[in-house]
Amino acid sequence: MQFGTPVKDKPFGESFGSDNVDYLRTLKEGQSLVRFIYPLDSNGWIGYFEHFNPANKRSVPCLRDEDGSNSKCGACNSDSKDFRYASRKVATNVQLVDKNIVIPIKMSQRLFEAIERRAERDDGDVTKRDYLITRSGKGVDTTYDVDREDAYDADIDALQDESSDVRTILKGQYEDYWSKYGEEEPPLVKAVKKAKELDKPDF
């Protein structure tokens, strides 16, 4: 069982989501100058589904088996229709150029497709230049503009060394949500706790 699916393999397959748990950031409102550090056809871009619970204003990755079954996902089996709905997301690591730090981010399918279109001018290589992403609005009214900056060389290998494991973050977010808000623990959370007790993780 694994968390998330590389976009290059399957646009959206199975996906998932402790104090001190790491999390995927969203780009701030306004402008963000970023350098993408993984090619679009690499394992550095992870597609997944995400639920939002309007009752507690929290998001949680969706848990799905490799065959697409969502029988183990607590959100998919919720009594709330709004919570059952899952939106498509893509996660990757980027360098915030102005701050010179690498962070894991999540984005909507629409923003991902806009980045793909801009990258076509570089034969699909998003690592050749910085991108200026402008975010406007909030919630379902959020819109993005994507502009390409001038190309210049960057030490992509060094930036990748600073990146976070997106699947591990999704796993942590899933466990953290259900440990705090779940009335009944989903099977995965129970398996994690059991594995920790035995000190023999099974994934």
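A residue counts as buried when its relative accessible area is under 20%. Keep that cut-off at hand as you walk through this predicted model.

**Stop one: helix α2.** Select residues 109-119, which form helix α2, and colour L111, F112, A114, I115 and A119; these are buried. Now look down the axis of the helix: these residues sit on the same side of α2, because they cover an arc of only 160° around it.

What do the buried residues of α2 pack against? Show the strands β2 (30-36), β5 (86-96), β6 (101-108), β7 (129-136) and β8 (143-151), and you have their packing partners.

**Stop two: E50.** Next, select strand β3, residues 46-53, and find E50 within it. Is E50 buried or exposed? Its relative accessibility is 8%, so E50 counts as buried.

**Stop three: confidence.** Finally, colour the protein by pLDDT. The mean is 84, with 78% of residues at 70 or more. Helix α3 (residues 156-161) has the highest confidence, at 97, while helix α5 (residues 187-198) has the lowest, at a mean of 56. Then select residues 9-19: pLDDT there is below 50, although the stretch has 50 contacts in the model beyond near neighbours in sequence. Where pLDDT is low, the predicted coordinates should not be read in detail.

Key:
Residues are numbered from 1 along each chain as its sequence is written. This is a predicted model: local features need pLDDT of at least 70, side-chain atom pairs count only at pLDDT 80 or more; totals for chains, interfaces and linings use all residues. Side-chain values use heavy atoms; hydrogens and water are left out. Helices (H or I, at least four residues) and strands (E, at least two) are DSSP runs, numbered from the N terminus. Buried means under 20% relative accessible area, exposed over 50%, partly exposed in between (1.4 Å probe, protein chains only). The arc is that of the directions from the helix axis to the C-beta atoms. Contact means heavy atoms within 4.5 Å. pLDDT is the predictor's confidence in each residue, from 0 to 100.
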